[in-house]
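Here is a short report on a predicted model.

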Number of protein chains: 2
Amino acid sequence: MTVRIPVQRLRSFATEALQCAGLTEQDAAAGAEVVVYADVHGFTTHGSNALAGIYVPRLRDGRINPGPQLRTVSDTASGAVLDGDRGLGLVSTVRATDLAIGKARQTGIALVAVRNSSHFGSAGYYAHRATEAGLIAIAMTNCGAQGVAPGLGGTTRMLGTNPLAAGAPAPGGAPFVLDMSATTVATGKIRAAQREGREVPVGWLTGLDGMPVTDPNAYFDGKADVTWLGGSAATGGAKGYGLAILVDLLCGPLAGASWGPTPDLLENGEERPDTDIGHVVIAIDPAAFGAGSTFGAGARQLLDTLSADLPVDPARPVTYPGAPEARTAAASLADGVALPDHVARQLLSMAADLEIKAPTELAAVAE
Amino acid sequence: MTVRIPVQRLRSFATEALQCAGLTEQDAAAGAEVVVYADVHGFTTHGSNALAGIYVPRLRDGRINPGPQLRTVSDTASGAVLDGDRGLGLVSTVRATDLAIGKARQTGIALVAVRNSSHFGSAGYYAHRATEAGLIAIAMTNCGAQGVAPGLGGTTRMLGTNPLAAGAPAPGGAPFVLDMSATTVATGKIRAAQREGREVPVGWLTGLDGMPVTDPNAYFDGKADVTWLGGSAATGGAKGYGLAILVDLLCGPLAGASWGPTPDLLENGEERPDTDIGHVVIAIDPAAFGAGSTFGAGARQLLDTLSADLPVDPARPVTYPGAPEARTAAASLADGVALPDHVARQLLSMAADLEIKAPTELAAVAE
C-alpha cells in the first residue's frame, strides 16, 4: 500500500524535479523542503502528491511562473506585502515567513502578505519553520477566486477551504503546530475516500437539502457541499464559516490578491481561476514581550499537562496538534517517508515526463 | 419575557453601578460601554447579566481590584504587555485595544497583552472597536487557571472556553465581527438551557463514555463535557481544541498570566482560581499595507456577495458574522435594549445592594 523512501533521497528528487520544471536551484530547494515536510509529517495530500499533480505540471504549462521576480509592494516596520509574480506559493511564502520572523524580532510582531501567488502547500510548514526560530506564527492562505464551499446556508460555492496554521515553540518535545482548514475537512480527504471507495463520516458533507451525505461522489457531482468546521448553525458552523471569511479578508483585500466571493467571476459560471492566490504569515517573538526565557517552558508544561490527562478511551491517549505529526516525522526519518502507492506512481510518471531518474525505491511499486 | 430599556439609560445605570462598586468615573464609563455593547448586540450572557452576576459582586468583595494601577511590563514598537493589577478586564482591554490600534497605525500590526486581569466580557467588543477606527483586529482571552473543558479525548477539565473575536471594517454596511468560543458553545448557553428547562442540541455535550448528551444538568453535575468546535475527532474536534490551546499559549505563557493546564492547581482538586486571566489584542492597519483605500471596499463586496447567495432554506437568508448582531443593535437603538426578565431582576437586586436608583423600565418586571 505504501513504499518507503529515505528523506534525503526524496528531498533531492523533489529539488531536481522543480529545477527541471524551471526553478532556480535555490527556489527548487526551498520548494522541495515544503513538499518533503508534508510527506515526512504525514500530510499525504500536500506533499509529493501536489508536486506531481499541481506544481510540476503548472510550472511546465506556464500557469505558475517558474522564474518569478518577487517584488516588495509595501514595507513598514512590522509589515510587508510581496507580489509573487505568479510564482510558486511555496517559495514566496518561505520568503514571507523569514521576512516576518526578522521583523518580529525587531518589533515584537510582524505580518507579511503575498499576492499574485499560487498553491502554498502545507500551511503547517510555515508555522513550524517559525517555531524552529523560537517564534510563534500563524500562516494562512485563501484559494484565490476558486469557490469550494458556499457560505453557511448558501448554495453557490464561493469560498475556499482557507487553511490556517499556528505554531508555538515548546522546547523539550514536539512544538505546537495546528494545521487546519476552515471546513470540517480539506477536500483532499474527500477525494481520498472517493479513490478508495469509502463512505465519508457523517458530518463532512451536507446535501442540497441540508441533510448529511456520506457518498464522496456527491461532492464532486455538485450534489453535496463540504461543511464548515462546527457543522450546522446549531453546532457552531458559523464559526468555521467566520474563520474562512477572516482568512479571505486578510489574504484577499488586505494582501491585494483575489478572493472567493467575487460577483464578476461568479457570473462566468463554473470556471474560476486559482491564480492570484494570497497568503499571510504573522510572526510573534516571545523575547520581545519579555517572555524569551519563559514562553517555551510554559508552553511545554501546558502541552505536557494536557497530554498526561487520563483519556476517555485508554487506547487513545490525549495529545495535541503537532505531537502525532512529530511522531510520524520521527518514523519517517528512521524508516523512510511512507508514500502511498498512487503517489509513488504519480512520481514515477512525473520523472518520466521530466526525463529524470526516479529513486529506485519508487520502482518497486510499479511492478 | 423581556423588558426594553433605552440604550442611554442602561449605559448611565451601568456606569453608576461600576462607580458605586469603586471604579473611577473614567474606568466605569469604559466598562459600561463594553457591558452595553453586549446587551445591545444580543450577547445576553455577557452584558448586564455579567455586570450584576460577576463584576459588581467581585469588585465589592475585592476579588477584582476596583482601583488598579495599570503597569507597562514590556513595550516595543509593535508590542506591549500590561499588568492589569487584578482590575476589571473590560477596562484594561479597552486600553490594550487602543494601544494596539495606535501602534499598528505606526508599524502595520501590533499585539498588546494583558496579564493579572479578570473577565473581559464580550470579545467582539474589542474587535468591533478596532473596526470603528478602520482597523482589523483579533481579540482573545483565556480563563486563567479555570478548567472548563478537558483536552480532546481527556477527562479532566483543564482548558477554558477561550473566546476569540475578529473584526474587519466594511464601510457601507455592518462590519465583519466574529465572536466565538473554541468550544461548540459558551457555557452560558448551557446554563440558559438549564434555567429554561430545555434540552441542548445533540453535539453540544459529550458524556464520559464519549456519547452525546442533551441534558444540560449533566454538564453542571460533571457527567458530561462541552465539546470542542468540530465535535469529535472524526469531524474536526482537534481544530477547536487546537484553537483553545493557541489562545491559552498567547494569553498565558506569552502574556505572563495563568493558564488552564497547570499541574499544581489540578492537584488541588475542584477549586481553581479565575484570577490572573490573560488577554491579547492584535490590531492590523490596512493603510500601512497600502490597502487603506481598497480594503474596506473589498471587504464590503466580499460580505455582500456572500449575503446575496440563494439560501438552502428561503426562510434563512445567507448572512455573515456581525450582520445579525448589527440588526439587533439597530433594533436596540430604536426600541430599547431587550433584557430578559431574569437579567432585569438581577439588575434590580444589584441596585438595591448598591443603594442606587434602578431605571423605571426595570421595575415593571418585578411586579
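## Sheet, helices and interface

Strand S4 (residues 109-117) of chain B pairs with strand S11 (residues 277-284) of chain B. The pairing is antiparallel and runs over 7 bridges. Ile109(B) stands opposite Ile284(B) in S11(B).

This pair belongs to an open sheet of 7 strands in chain B. The strand order is S2-S3-S4-S11-S5-S6-S7, and the pairing is mixed. Which strands form the edges? They are strand S2 (71-75) and strand S7 (176-180) of chain B, and each pairs on one side only. Neighbouring strands of the sheet are turned by 10 degrees against each other on average, direction ignored.

Helix H8 (residues 237-254) of chain B packs on this sheet. H8 touches S4, strand S5 (136-141), strand S6 (164-168) and S11 of chain B. The direction of H8 makes about 100 degrees with that of S11(B).

A helix pair of chain B comes next. Helix H4 (residues 89-107) and helix H5 (residues 123-132) of chain B pack at an angle of about 35 degrees. Their axes are 10 Å apart. The crossing of H4(B) and H5(B) is right-handed. From H4(B), Thr93(B), Thr97(B) and Ile101(B) take part in the contact; from H5(B), Tyr126(B), Arg129(B) and Ala130(B) meet them. By class, the residues of this contact are 3 nonpolar, 2 polar and 1 charged.

Now the two chains. In the predicted model, 74 residues of chain A are in contact with 74 residues of chain B. Elements of chain A that each supply at least two residues to this side include strand S2 (71-75), strand S3 (79-83), strand S4 (109-117) and helix H10 (295-307). Which element gives the largest share of the side of chain A that touches chain B? That is H8(A), with 10 residues.

| Class | Residues of chain A |
|---|---|
| Nonpolar | 43 residues |
| Polar | 26 residues |

How are the copies placed? A rotation of 180 degrees, with 0.0 Å of shift along its axis, superposes chain A on chain B. The RMSD is 0.0 Å. The two copies are thus related as by a two-fold rotation axis. The same surface serves both copies: of the contact residues of chain A, 100% recur in chain B. Gly230(A) comes closest to the rotation axis of the residues of chain A, with its C-alpha at 2.1 Å.

Note on methods
Residues are numbered from 1 along each chain as its sequence is written. Chains are lettered from A and ligands numbered from 1 in the order in which they are written. This is a predicted model: local features need pLDDT of at least 70, side-chain atom pairs count only at pLDDT 80 or more; totals for chains, interfaces and linings use all residues. Copies are superposed by least squares on the C-alpha atoms of residues with pLDDT of at least 70 in both. Two residues are in contact if their C-beta atoms, placed from the backbone, lie within 7 Å. Helices (H or I, at least four residues) and strands (E, at least two) are DSSP runs, numbered from the N terminus. Ala, Val, Leu, Ile, Met, Phe, Trp, Tyr, Cys and Pro count as nonpolar, Asp, Glu, Lys and Arg as charged, and the others, Gly among them, as polar. Two strands pair if DSSP finds at least two bridges between them. Axes are lines fitted to C-alpha atoms, for helices over the stretch in contact, and angles run from 0 to 180 degrees between N-to-C directions. A crossing is left-handed if the near helix is turned anticlockwise from the far one by less than a right angle, and right-handed if clockwise.
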